[in-house]
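Here are some short notes for reading this entry. Please keep the structure open while going through the points.

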Amino acid sequence: MQPAAPKREPATDRRNLPSGQRKLPPTTFRPRPYCAWGFTPQEIDLNPQGMSDSKHGKWTVSSSEDEDDDEAIPLSGTTTSGPPRPASPPGPKLEPVTASVEVKPEPSAPPAASSLAVGSEARQSPLTNQLNPVKFETSPSLAGKRKKEPSDGSGWALSDSDDDGGDDDGDVKRKSLGKKAPPSPKKRKQKVETERPPSPYGRVYIDEPEDFFESSVPCLDDTYRFYLNKVTGLDKKYNSGALHIRDILSPLFGTLKESVQFNYCFDIAWMVKQYPSQFRDRPLLIVHGDKREAKARLLQQAAPYPHISFCQAKLDIAFGTHHTKMMLLWYEEGFRVIIMTSNLIRADWYQKTQGMWMSPVFPRLPEGSGEGSGESPTCFKRDLLEYLASYRAPELEEWILRIKEHDLSEARVYLVGSTPGRYVGSDMERWGHLRLRKLLSAHTDPVPGEERWPVIGQFSSIGSMGLDKTKWLTGEFQRTMTTLGKSSLRPDPPLHLVYPAVEDVRTSLEGYPAGGSLPYSVQTAQKQLWLHAFFHRWKATATGRSHAMPHIKTYMRASPDFTQLAWFLVTSANLSKAAWGALEKKNTQVMVRSYELGVLYVPSAFNMKTFPVQRNPFPVSSSAGFPVPFDLPPTCYSPEDQPWIWNIPYSQAPDTNGNIWIPS
């Protein structure tokens, strides 16, 4: 029985992804078929004359331009129909692979897991590579034999262009695991007696120490209520004040009666085990976006658990995903909301950097309270109810009524959500980046010299943004990010984008498989070389998480010396038009593909002018500083650095586990 491979975050436009090694005809590179998503790729000439140089290596640049998102999509609340686009032709040809590689043997007794083969290739590729990982060797590597790939490993010549319009988190769902090419018998290593079976997505899972989980109410930052997830393997002080899902669901935080889990990726058996034994039979509603076969697999996973029911989110726009990650917890003592960045699978709570906002326990309102009772200064209650109503789901009606009965006045954050649809008029400001723009205009104030206050965006996936920066990033998205109050001044401050370089992934706790959660594809990257000038390394020395690759998504506006913040946002939304929305029809409407959710912190809600940055967030103290999860100022890419691209080989240097990365 194969280890479970829970689903990985959605690449919103669901395109060509790596699938681990497969046994292929000797002269053919055959990527995953496009037909499941209805895209027709354009083959790209691998001729060296077609290569473009950049400081991050050579690229084969696609001749295709971005498709206009102004397609025939109805206004919000309607559905779409129509035949899928034609299936794609086979991918481009590459040279035969003849080199042998040293491979660890497969474990004789793989760890027990669900029989369901669920998960995306983002998760499955690391899984298959780890079940039979390719070890680094000093002789010419398998990747070195591929056509047009420089021997130094710096070139990105894999060329199979598609119109990748918005990868979100690499969680595009796949039906089954790809096959691996069998290793040469001469190169197989004998299994060491003490060797444990490898786990999915990276390193062998390390058993957490006894004191990893909380046995008493922990010391937490009650000012901002922004927390990082615990990371297995870190020094204890870096987990002091951080939370694991088992901590969140423990009786220490409330006596649970019912709960709802909004998410994309679910490992049902693992998730149920995170609930304390006394709460494991309490009613649990799962809100998901799965359809057809994926939905059937999800329901099959839950078959042994009669207390679980489901709500399917409506996804009316092509390539949209249900990407929101939220818990609603109803206690005997009240009601709590957690908005987070983690999927409900073990890998996301193991050795990745994740974040969350956890509300206080909201008490029940007195009997006879008025309709608007229990509202916060940030209108959190109204906005949460509006977000839940956008699902148009009978399964959520009881929860909407329940929330109305509680006092949410202690919430000090603003809700920033996305829901699928095409919006016009005043509805344009309800969702996506225009919602954020409205909040920043209404609840922040201009600062002196704001043209020198950089915008910082940090994310785990990148969508297609056009042939130049003005198409969406600076022409639309940055306009939102630079809004401070109602000033008509629209400065052009520095823009720092934090995304892991190859070296960050290689030296991470998980090694190369951590890149399965960073699905920036070469097909997208080669069409937007201009973007990489904005990139900065993932470094998180202050939080002890430099080697825990980020799945968290944060955006903020910092002072020139990086000691103050004008605002801070933690969200599920990556850097993509699908997540944030894109203007259409001469800016008279906005189209959003996916469900997303985050919370915005503005200083005025905390009676501050700006947030001071907390330089040493761990262990938790009573400091008024905001705990930014990575180091400020960000470190710009050097000329030798390359952004992590998940569907090309990395064979020139081994990762922390001695393996290389060979996607098929």
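1. Leaving aside its neighbours within four places in sequence, which residues is T232 in contact with? Contact here means heavy atoms within 4.5 Å. The residues are I206, E208, F212, Y350, Q351 and L509.

2. This is a predicted model, in which local features need pLDDT of at least 70 and side-chain atom pairs count only at pLDDT 80 or more, while totals for chains, interfaces and linings use all residues. Residues are numbered from 1 along each chain as its sequence is written, and side-chain values use heavy atoms, with hydrogens and water left out.

3. T232 sits in the loop between β5 (226-228) and α2 (245-248). Helices (H or I, at least four residues) and strands (E, at least two) are DSSP runs, numbered from the N terminus. T232 has 2% relative accessibility and counts as buried. Buried means under 20% relative accessible area, exposed over 50%, and partly exposed in between (1.4 Å probe, protein chains only).

4. An unreviewed UniProt entry lists H323 and H551 under "active site". They span 229 residues in sequence, yet no two of their C-alpha atoms are more than 12.8 Å apart, so they gather at one spot. UniProt positions are given in the numbering used here, feature names are shortened, and annotations may be inferred rather than shown by experiment.

5. H323 belongs to the loop between β8 (308-312) and β9 (326-331), and is buried at a relative accessible area of 0%. H551 is in the loop between β16 (535-536) and β17 (553-558); H551 is also buried, at 0% relative accessibility.

6. In helix α7, the buried residues include G432, H433 and L434.
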